[in-house]
Amino acid sequence: MKIDKKIIVNALIALVVYAAVMGLVKGGVLSRQMMSLITPVCVYVMMSVSLSLVVGFLGELSLGHAAFMSIGAYTGCLFLIATKDILPVLVSLLLAVFIGGVAAALLGVIIGIPVLRLKGDYLAIVTLGFGEIIKSVFNSLKITGGAKGLSKIPLVATYKNFTFVFILMLLVILLVSHLVNSRHGRAVCAIRDNYIAAEAVGIPVSRYKILAFVIAAFMAGMAGVIYGANLGILKPANFDYNASIEILVMVVLGGMGSIKGSIIAAVILTLLPELLRGASDYRMLIYAIALIAMMLFNNSSFKRNLTEKRNLQQAEKLSKEV
Amino acid sequence: MSLINAILEQLLNGLRTGSIYALIALGYTMVYGIAKMINFAHGDIIMVGAYTLYVCVSLLHLHPILAVVITILVCALLGVVIEKIAYKPLRQAPPLAVLITAIGVSYLLQNLALLIFKATPIPFASIIKVPSIKIGGVHVSGLTIVTLIVTTISMILLTLFINKTKAGRAMRAVSEDKGAAELMGVNVNQTISITFAVGSALAAVAGVLFIAQYETLLPTLGALPGIKAFVAAVLGGIGSIPGAMLGGLILGIIESLAKAYISTQLSDAIVFSVLVIVLLVKPSGLLGKMKIEKV
Amino acid sequence: MGVLLEVKNLGISFGGLRAVDGLNMTINEGALVGLIGPNGAGKTTAFNMLTGVYRPTDGTIMLDGKSLVGKKPAEICQEGVARTFQNIRLFTQMSVLDNVKAALHNSIKYNLATSFLHLPAYFAKEKEMDEEALKILKIFELDSFADTNASNLPYGKQRKLEIARALATNPKLLLLDEPAAGMNPNETKELMDTIELIRKEFKVTILLIEHDMKLVSGICEYLYVLNFGTELAHGTPSEVLNDPRVVKAYLGE
């Protein structure tokens, strides 16, 4: 069977990646800097795969993905701090991840319900505004440490705990790719392609929009907890507009609607800036140009001609077969 | 000072900020009406305007009036160039692609400014030096007077332009029905360019007024007023020009009262809740028409 | 045979414009009925009210004795009304097969956990969906294109796919909005055969909007004529098409 082969290949890739990273860590080949990047790479893979559900599959633009991440990060890490002497590490981390996800999902519901009922580009603006508000709330709250940040978070999700982080990342990838290949995912894609037709074939549009949005928020929240438990400190400025744009760039460069692309783009874009420190001034500028260039290319006549040629070849092949 | 005077002063402050929002909101609404897109980069035109003014006044030592004229021209040109390069090729593209491009442009402008002028805030004293006056115990700053006069003149000019000139008529025609306008001999491309030019020129004026109030240059200074002006445009009914003016003023007053009587830190949150409430209760805004979608 | 659809005094205003006014229709189970009229007569608006896209300002719509007024499009679809669109609306980035499977959304179900985890029920239900979808596609001779992207189909096949997708929702009433628009005479002929086939295979009642009088008089059993939003005439095709009022409405004086 075709599907089984795919599953085996993907499982093999995951195993090889896991073994390779573990081997590198245990073998002491990696520099400290590279070691410190292991968890962030996993975090950004989770972030871009979950955002890809909203942007690539639902076709809505969210500019507040980092804000959802921050909600999860703060709630989950506060829980970690509170329970570090009470619960075993793994239990505490597992619960923290879950709590972070739930907190982010709840906010997703609160934002999603009024906004996603509407047609048009309101989600982008509202999520952008929401991100700013969340930042200012975390800046002013005492319990989160204000602008100085929340510190003394137990470091339970560093490369030393790679197995846990890796499994969580696999879970996110697996859940999202399962979802998009299911009855529910098809409904979401149908809404993206033509919401009027989707309604006409009996798909409750608002419900599925909110579903996709909230699932993505939940996953961003989980990723946030891992992020915090890797760094040990959380600052509101880590989750600003730039952070959301960075994740968006990953999704767009990965090719919207491609989970594999999102993963690869997330890995590259997390590693690259650290490896090319010199170009850091130009990084954001390059991101901006990449966004524009991608969109212009995707909709250019050059690309259209290419796809048309490919379609023609396909059609010819098909007509030969029939 | 009596309570009434204090409230009156807050209202005047609100009118001042609100009229700046209104100027920016006009750009959003005009572009939305004509190109059916949210021009995310519109807020950053304000930033470009503020920096241009700074370069002209502080670095080139030009006369303030000349500096303002140059600022307006630079922004208008920038608006047209952005449309030609980034948006025009995407006229037939899905809205998501246009939106992402607009964000890219916004981000590009911010980061160019960051590269050129660095992240450290640059102090820039107001070029508007008009003494304040006192009317019946209410203190009115010179900046408020100038802002109100300038925005009123801009709005009158805009209204005349839209209603009395050929280009204005073409703009209304294109926003009503692009295809029909084209068939009637309206040059759609040119009209869209003019719309971007006018909208960006208004943003430049807003930028000059805004920086006179804010007195600090930052690459991201346009983002927040930009978003708030967008809220104002939605509040007034996106696509409606009187709506943008009204929405801007109302939003400015709400913000100023919230700052004075509720909390400075929460005032932004309050402004956004206005947006959410409008979207929940009346998505078409105060003066907007509900568009019936062709199916 | 019983009455399937009963529309009484249906009307809608957009601002001051009365787009449809006092429309009455009674459609029997299994019938094939045409809704005709000059451009701008309000035919598509009537369809939009029947499918919940617009909410009528007055009047009633009863399907099988149940009121449809005030229901959302997705709910009305579940009640058994499916439609196609004047300007084709396919799920363009999805395969032909997935277009039909998306329409099976409410007839073959499994829960969210099954979707997330691909539990055994997922494979069973997906297989069922594939079979059902392919069965429908086969009737329209689209099964060989199952994996093709919907937007890559030629025009005539896109129209067919839209009808196939509508039928996948298992409707009692199928609304076709100008199915022959943009087709040449040969394609129209083929379409007429397809419609006959649909009636035979799916036992569905059909209401269609059409300008092609050959098609209308060729297959419709009963006609309603709209003009300026009001009902001008109704009857069998020969009655209606010879009615001087109808001729006048189409050709002027």
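Biologist: Is Thr194(C) buried or exposed?

Modeller: This is a predicted model, where local features need pLDDT of at least 70, side-chain atom pairs count only at pLDDT 80 or more, and totals for chains, interfaces and linings use all residues. Residues are numbered from 1 along each chain as written, chains are lettered from A and ligands numbered from 1 in written order, and side-chain values use heavy atoms, without hydrogens and water. Buried means under 20% relative accessible area, exposed over 50%, and partly exposed in between, with a 1.4 Å probe and protein chains only. Thr194(C) has 8% relative accessibility, so it counts as buried.

Biologist: Which residues does Thr194(C) contact, leaving aside neighbours within four places in sequence?

Modeller: Thr194(C) lies in helix α7 of chain C, residues 185-202. Helices are DSSP runs of H or I with at least four residues, strands are runs of E with at least two, and both are numbered from the N terminus. Contact means heavy atoms within 4.5 Å. Leaving those neighbours aside, Thr194(C) is in contact with Phe140(C) and Lys160(C).

Biologist: What is the relative accessible area of Val20(C)?

Modeller: Val20(C) sits in strand β2 of chain C, residues 17-28. Beyond four places in sequence, Val20(C) touches residues including Leu10(C), Ile12(C), Met49(C) and Gly229(C). Val20(C) is buried, because its relative accessible area is 0%.

Biologist: How far apart in space are Val20(C) and Pro56(C), C-alpha to C-alpha?

Modeller: In sequence, Val20(C) and Pro56(C) are 36 residues apart. In space, their C-alpha separation is 9.1 Å.

Biologist: How far apart are the end C-alpha atoms of α4(B)?

Modeller: Helix α4 of chain B covers residues 95-117, which is 23 residues. The expected span is 1.5 Å times one less than the number of residues. That gives 33 Å, which agrees with the end C-alpha distance of 33 Å.

Biologist: How many residues of α4(B) are buried?

Modeller: α4(B) is largely enclosed by the rest of the structure. Just after this helix, Lys118(B) takes a positive phi of about 65°. Of the 23 residues in α4(B), the buried ones number 17.

Biologist: Which helix gives the most to the lining of the largest cavity?

Modeller: On a 1 Å grid over the protein atoms alone, a cavity is a set of points where a 1.4 Å probe fits but cannot get out; a pocket is an open set with protein on both sides within 12 Å along at least five of seven lines; lining residues have an atom within 4 Å of a point. There are four cavities of 30 Å³ or more. α3 (65-83), α5 (122-140) and α10 (241-253) of chain A each supply at least two lining residues to the largest cavity. With three residues, the top contributor is α5(A).

Biologist: What volume does the second largest cavity have?

Modeller: Its lining includes Ala200(A) and Val201(A), as well as Glu162(C) and Arg165(C). The largest share, three residues, comes from α6(C). A volume is the space filled by probe spheres set on the grid points, which are joined across faces, edges and corners. For the second largest cavity this comes to about 40 Å³.

Biologist: How many charged residues are in the lining of the second largest pocket?

Modeller: The second largest pocket has a volume of about 1,100 Å³. Of its 44 lining residues, those closest to its centre include Tyr214(B), Lys228(B) and Asp268(B). Ala, Val, Leu, Ile, Met, Phe, Trp, Tyr, Cys and Pro count as nonpolar, Asp, Glu, Lys and Arg as charged, and the others, Gly among them, as polar. The lining has 17 nonpolar and 18 polar residues, and the charged ones number nine.
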